Amino acid sequence: MGNRGMEDLIPLINKLQDAFSSIGQSVNLDLPQIAVVGGQSAGKSSVLENFVGRDFLPRGSGIVTRRPLILQLVNNKAEYAEFLHCKGKKFVDFDEVRTEIEAETDRITGSNKGISPIPINLRVYSPHVLNLTLIDLPGMTKVAVGDQPPDIEHQIRDMLMQFITKESCLVLAVTPANMDLANSDALKIAKEVDPQGLRTIGVITKLDLMDEGTDAKDILENKLLPLRRGYIGVVNRSQKDIDGKKDIRAALAAERKFFLSHPAYRHLADRMGTPYLQKALNQQLTNHIRDTLPGLRSKLQSQLLSLEKEVEEYKNFRPDDPTRKTKALLQ
């Protein structure tokens, strides 16, 4: 990239994100970010774990992600994780990270599978990642299971909409290849907020699970449902691999081999796979921040001015001033 300033853009937005999270509001600023959307078990978690090279996300059946997870990846020599709500504590064991995400989710949502829009901020430092910030959102669901609220589908939809309707938000739409693209929840919701397909990035998972004799070549060549930013295919570990603790590095090597040896994808192999996806997202987020920064800056400045004005009004404020009481009463 050559430009040092460009590399600092993502960490800069991370700082703003943390500041807003810790005061508990977003000050009406739309930060440039990438939101990950997809149906349940579309493979969102696997994609994120492959970026980090560690198993650290809660897994299971039903809704596992019940609060937005703001995942900030920071390229760094040492490998550890930190949560915004446990200031100063470094997690070196990624199993502990998973336990903490589960505990923190239950703290806010209770253990009855409810959901909450209050995000969890997790920052992962690692030599294997590129600077990248993603928001992992709950998987879209159609049917309430167990003791989930009956309107869970609408609740999740509303939560996703809070993020993806913003012009500054890129949508990472994750769809498994073994389902018809026309039925993809992720692409459907992305199309609603981004009809031109300008800020949607398509990710096709489970390419290795397609029926024999079928392939996703037309999709990956961006011919079927074209998106301006195109589609990237990935092959994640199977549930069996995960249960058997198959190493993510071995899985990435297997993914590479899959694309290089598959007749339908061989010609696309250099634009497929998790490492390429991570690089593409880093690049797109950086460019996206660069494009939205001027607007963000002027918004911040105007808000600062109006706050300073308010502060000015309260400067000579004395709570025991009798005129103050009368005025308050009249108002």
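This is a predicted model: local features need pLDDT of at least 70, side-chain atom pairs count only at pLDDT 80 or more; totals for chains, interfaces and linings use all residues.
1. A residue is called buried when its relative accessible area is under 20%. By that cut-off Phe-83 is buried, and Phe-91 is buried as well.

2. A pair of aromatic rings is described by the distance of the centres and the angle of the planes. In this model the count of aromatic pairs comes to six. One of them joins Tyr-80 and Tyr-125, which are stacked, with 4.6 Å from centre to centre and 20 degrees between the planes. Tyr-80 belongs to strand 3 (residues 80-83) and Tyr-125 to strand 4 (residues 120-126), so this pair ties together parts that are 45 residues apart in sequence.

3. Are the two tyrosines of that pair buried or exposed? Tyr-80 has a relative accessibility of 13% and therefore counts as buried. Tyr-125 is at 12%, so Tyr-125 counts as buried too.

4. Phe-83 and Phe-91 make another aromatic pair, and this one is edge-to-face: the centres are 5.2 Å apart and the planes are at 85 degrees. The angle is over 60 degrees, which is why the label is edge-to-face. As said in the opening point, Phe-83 and Phe-91 are both buried.

5. Ring pairs also link Phe-258, Phe-259 and Tyr-265 into a cluster. A further contact with a ring involves a charge: the charged end of Lys-90 sits over the ring of Tyr-80, at 4.4 Å from the ring centre. Tyr-80 thus takes part in the stacked pair with Tyr-125 and also has the charged end of Lys-90 over its ring.

6. How many disulfides does a search of the whole structure find? The search finds zero. A disulfide is a covalent bond between the sulfur atoms of two cysteines. Among the cysteines, Cys-86 has 16% relative accessibility and so counts as buried. Cys-169 is also buried, with a relative accessible area of 1%.

7. Side chains of opposite charge can pair when their charged atoms come close. The count of salt bridges in this model is 13. In one of them the side chains of Arg-123 and Asp-18 meet, at 2.7 Å from N to O. Arg-123 is in strand 4 and Asp-18 in helix 2 (residues 9-23); the pair links distant parts of the chain, 105 residues apart. Both Arg-123 and Asp-18 are buried.

8. A salt bridge also forms between Glu-104 and Arg-67, where the closest N and O atoms are 3.3 Å apart. Glu-104 lies in helix 4 (residues 94-109), while Arg-67 lies in the loop between helix 3 (44-52) and strand 2 (69-75), so parts 37 residues apart in sequence are tied together by the pair. Glu-104 is buried, its relative accessible area being 9%. Arg-67 is buried at 4%.

9. Arg-290 and Asp-291 form a salt bridge as well, with 3.5 Å between the closest N and O atoms. Where Arg-290 is concerned, the relative accessibility is 42%, so Arg-290 counts as partly exposed. Asp-291 is at 52% and therefore counts as exposed.

10. Some salt bridges share partners. Bridges of this kind join Arg-67, Glu-100, Glu-104 and Arg-107 into one network. Arg-67 and Glu-104, which belong to that network, are the partners of the salt bridge at 3.3 Å described above.

How values were computed
Residues are numbered from 1 along each chain as its sequence is written. Side-chain values use heavy atoms; hydrogens and water are left out. Rings of Phe, Tyr and Trp (its six-membered ring) pair if their centres lie within 6.5 Å; planes under 30 degrees apart count as stacked, over 60 as edge-to-face and the rest as tilted. Helices (H or I, at least four residues) and strands (E, at least two) are DSSP runs, numbered from the N terminus. Buried means under 20% relative accessible area, exposed over 50%, partly exposed in between (1.4 Å probe, protein chains only). A charge sits over a ring if NZ of Lys or CZ of Arg is within 6 Å of the ring centre and within 35 degrees of the ring normal. A disulfide is a pair of cysteine sulfur atoms within 2.5 Å. A salt bridge is a side-chain nitrogen of Lys or Arg within 4 Å of a carboxyl oxygen of Asp or Glu.
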